[in-house]
Amino acid sequence: MADDVLMVAVDGGPGAAAPWVEAFARRLPDLAVAALGDAVDPARVRYVAAWKHPHGALAALPALEAVFSLGAGVDHLLADPGLPAGVPVARVVDPDLTNRMSEWVLLQVLSHHRQARRYARQQAESRWDDDPRQPAARAVRVGVMGLGVLGLDAAAKLALVGFDVAGWSRSRRDAPGLACYAGAAELDDFLGRTDILVVLLPLTPDTAGLVDAGLLRRLARDGRLGGPVLINAGRGGLQREDDILACLDDGTLRAATLDVFAREPLDRASPLWRHPGVTVTPHNAALSDPEAVADLIAGQILAHRAGRPLDHVVDRVRAY
Ligand code: NDP
Ligand code: OXD
């Protein structure tokens, strides 16, 4: 048993792997825990915990039994053509991560709703200028794209604050107090009643590039915020960055908050950094806390070794 290895494969070198190796080693004393690049016999590697590993690194592990994403998304794993076929891939579903995402979503939605940037600018100019048109949350329609673990939690918390919340997903969801739209056939109706669009979709072949100018033009034009707002914490590959900039410039969009980008870190030359309508956060809407995530994955490994099925295994065809 002690010969079996859990390999931590993360981008950023041994320094980035260290907290994960340490967190897993404390929880799994019967396994050897190693970082990618450590001298380990590949035939001993039973489990991999990965975040943006170098493609091909998992190709020659003959005893591999499961791969765990260190985040909720698995696009970084499924994009690797060397990911061994037939090995289950499980993702993070954990209340710590879910709460972090909802904190971020609430912060961004409320910032746009209550004009946080405007008042920050005014304070810098010592300018007292109240906006008498400030609507109540109930008059603002938020649309959450993706009603999975993260989207449903964020939607419920937005509704608690008082926003008029709807959601859109692939299959029909039934969530109390939430207007649920499903599939391509209901996308226009969903967009047409949305003032603030919150994107919490996974990146899959079906969703890549979905948030483009054509979609943004279908958002509500009659809202109380003076124009629609985009908030994306799903993945950068969901959005067309040039389209977002063009839509901000021509008034299709009033503002955008982006946590994720096609290339990360966002290039210093990207106009997104400097556009007055754009708020950038560095893909940290919901970070994976090593203690919380190691608890989850170590529990999964112990269950698997006891012969029980893994939870949160993704469908490789659906890609999420
Ligand atoms: P889930 O798998 O639980 O939910 C995904 C949702 O997206 C489901 O409602 C699903 O529909 C919907 N969906 C998928 N494909 C389509 C489609 N083609 N059309 C319409 N709806 C679709 O994922 P999570 O909620 O856990 O996470 C979502 C994403 O958030 C992750 O994949 C990741 O990319 C991102 N993320 C970002 C973080 C950050 O810090 N920025 C942190 C964590 C996650 P259905 O309900 O029908 O299955
Ligand atoms: C995740 C992420 O997928 O951090 O968990 O983006």
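**Salt bridges and a ligand site**

Arginine 193 and aspartate 164 form a salt bridge, with their closest N and O atoms 2.9 Å apart; the term denotes a side-chain nitrogen of Lys or Arg within 4 Å of a carboxyl oxygen of Asp or Glu. Arginine 193 lies in the loop between α6 (187-192) and β9 (196-199) and aspartate 164 in strand β7 (residues 164-169), so the pair ties together parts that are 29 residues apart in sequence. Helices (H or I, at least four residues) and strands (E, at least two) are DSSP runs, numbered from the N terminus. Arginine 193 is buried, at 12% relative accessible area, whereas aspartate 164 is partly exposed, at 34%; buried means under 20%, exposed over 50% and partly exposed in between (1.4 Å probe, protein chains only).

This is a predicted model, in which local features need pLDDT of at least 70 and side-chain atom pairs count only at pLDDT 80 or more, while totals for chains, interfaces and linings use all residues. Residues are numbered from 1 along each chain as its sequence is written, chains are lettered from A and ligands numbered from 1 in the order in which they are written, and side-chain values use heavy atoms, with hydrogens and water left out.

Aspartate 222 forms a salt bridge with arginine 141, at 2.8 Å between the closest N and O atoms. Here aspartate 222 is exposed, at 59% relative accessible area, and arginine 141 is buried, at 17%.

An oxygen atom of ligand 2 lies 2.7 Å from a side-chain N or O atom of arginine 235.

Terms used
Polar contact = N/O pair within 3.5 Å; in protein donor to acceptor, adjacent residues only side chain to side chain.
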